[in-house]
Amino acid sequence: MLLRSLTFLPRLRVSAPQPCVVCKSKMSGSSGQIFPRFIYLEDGGDITRCYKFRLVSYNILAQVYVKSSNFPGSPSSCLKWKIRSQAILTALKSFNADFLCIQELDEYDSFYKSNLESTGYSGIYIQRNGQKRDGCGIFYKPNCAKLVSMEEIYYNDLANSLNLESTDTSEREFSDKDNHSDHGDLNDPRIRLKRDCVGLLAAFKLNDPSHHLVIMANTHIYWDPELIDVKLAQVKYLLLRVAQFKEAVSDKYGCSPSVIIAGDFNSTPGDKVYEYMISASTIQLHSLYGCNGGEPPFTNCTTGFTGTLDYIFISNTNSLKPISLLQLPGPGSPDVIGGLPNHQHPSDHLPIGGDFEVLSYSNCSTSKPLEEPLPEINKLKLDNGQ
């Protein structure tokens, strides 16, 4: 795709690019809350002339899951909703992001929707199935992009469309400890797949001169490390839906959109879920952090677990170029000692994100077909990595 030399206004007020170095984050007064710091990549491009946008993904820890017994290392005061809600809202505003992909989003109608709308955002939201009170949301600034299409993802649909006759249960390993009382017998694939997880798909037309289209997906994959087969089934379904959505958007608008998939994947770098995300042929992706210095040492930090679970995956196109990354603290940073949440970080997860510049300005000229036929849903095999 040809690049055109155009002059246009910058999207963000940013300083000249600097080498990617670690810098101290600033504190926010008495609360000690951390302000975000975006570190420019060495090959940051001409950030004063190219059209750009900022994306942040953040699992904010739904209040319904906040119990002192779950976070014994956290000060009790920072677990209270009145304090946490304001701290999370302050953090979300401080990112100055054009797009926010939020997981474990509860209190959407009662708190976040109105408060973020008052700062210039519009939002879309999907709540988890059953009695779950949290979900996934995408907030965006209308002065940056226009929402042109959206779809909801309910991973329980996997169970509803499962072809039991073609499912090889011999490849799955079950044990008595999998039979959690709140979900029933996990030896039944239809029960095993119903984890009440969700995701969102949205197509945005950027307000750049060529109206470049970007497809954004936000999701929260199931947590249990013993159910790796379920996680794999979910990400396979996710990429299937993204590919179908991309094809529909491409056909409608006569262009090839860029794709960004963000969320909490509850999977560590190098495991089967992560490897599938960066190697699947359905849609070719790479990790924002992984391809720019490596994944963070952790994005989730509690007394029971510290590791990287959150990612932003980008399609392998010449249309978008990352120019900065949101800096994360290291293992020895004093603001994470003792585990999260605390007064510096209102969630047990850390936000991730970056700035992107749009490189392609002949985007809406042709529609590219998918590289291979899309598989049917009932052929998404529930297994341990194949």
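## Sheet

β6 pairs with strand β7 (residues 198–206) in the antiparallel sense over nine bridges. Two strands count as paired if DSSP finds at least two bridges between them; helices (H or I, at least four residues) and strands (E, at least two) are DSSP runs, numbered from the N terminus. Within this pairing, Leu147 has Phe204 of β7 as its bridge partner.

The model is predicted: local features need pLDDT of at least 70, side-chain atom pairs count only at pLDDT 80 or more, and totals for chains, interfaces and linings use all residues. Residues are numbered from 1 along each chain as its sequence is written, and side-chain values use heavy atoms, with hydrogens and water left out.

β6 and β7 belong to an open sheet of six strands with mixed pairing, in the order β6-β7-β8-β9-β13-β10. Its edge strands, β6 (145–154) and β10 (285–287), each pair on one side only. From one strand to the next, the twist averages 20 degrees.

## Helices on the sheet

Helix α5 (residues 228–253) packs on the sheet and touches β6, β7, β8 (213–220), β9 (258–264) and β10. Contact means heavy atoms within 4.5 Å. The direction of α5 makes about 145 degrees with that of β6; axes are lines fitted to C-alpha atoms, for helices over the stretch in contact, and angles run from 0 to 180 degrees between N-to-C directions.

Helix α6 (residues 272–279) lies across β9, β10 and β13 (310–315). Its direction runs at about 130 degrees to β10.

## Salt bridges

The whole structure holds eight salt bridges, defined as a side-chain nitrogen of Lys or Arg within 4 Å of a carboxyl oxygen of Asp or Glu. One of them joins Glu107 and Arg133, with the closest N and O atoms 3.2 Å apart. Glu107 sits in the loop between β3 (99–105) and α2 (108–117), and Arg133 in the loop between β4 (122–127) and β5 (135–140), so the pair links distant parts of the chain, 26 residues apart. Glu107 is partly exposed at 25% relative accessibility, and Arg133 is partly exposed at 46%. Buried means under 20% relative accessible area, exposed over 50% and partly exposed in between (1.4 Å probe, protein chains only).

Lys113 and Glu117 meet in a salt bridge at 2.9 Å, N to O. Because they are four residues apart in helix α2, about one helical turn separates them. Lys113 is partly exposed at 29%, as is Glu117 at 37%. In the salt bridge of Arg128 with Asp134, the closest N and O atoms are 3.7 Å apart; Arg128 is buried at 16% and Asp134 at 0%.

## Cores and rings

A nonpolar core is a set of buried Ala, Val, Leu, Ile, Met, Phe, Trp, Tyr and Cys residues joined through side-chain atoms within 4.5 Å. The largest has 58 residues, of which Phe53, Leu92, Phe95, Phe99 and Leu100 touch the most other members. Another core of 40 residues lies apart from it, with Ile221, Val230, Leu238 and Met277 among them.

There are 17 aromatic pairs. Rings of Phe, Tyr and Trp (its six-membered ring) pair if their centres lie within 6.5 Å; planes under 30 degrees apart count as stacked, over 60 as edge-to-face and the rest as tilted. Tyr155 and Tyr237 form an edge-to-face pair, 6.2 Å centre to centre with 70 degrees between the planes. Tyr155 lies in the loop between β6 and α3 (157–160), Tyr237 in helix α5, 82 residues apart. Tyr155 is buried at 0% and Tyr237 at 2%. Ring pairs also link Phe53, Phe99, Tyr140, Phe204 and Phe356 into a cluster.
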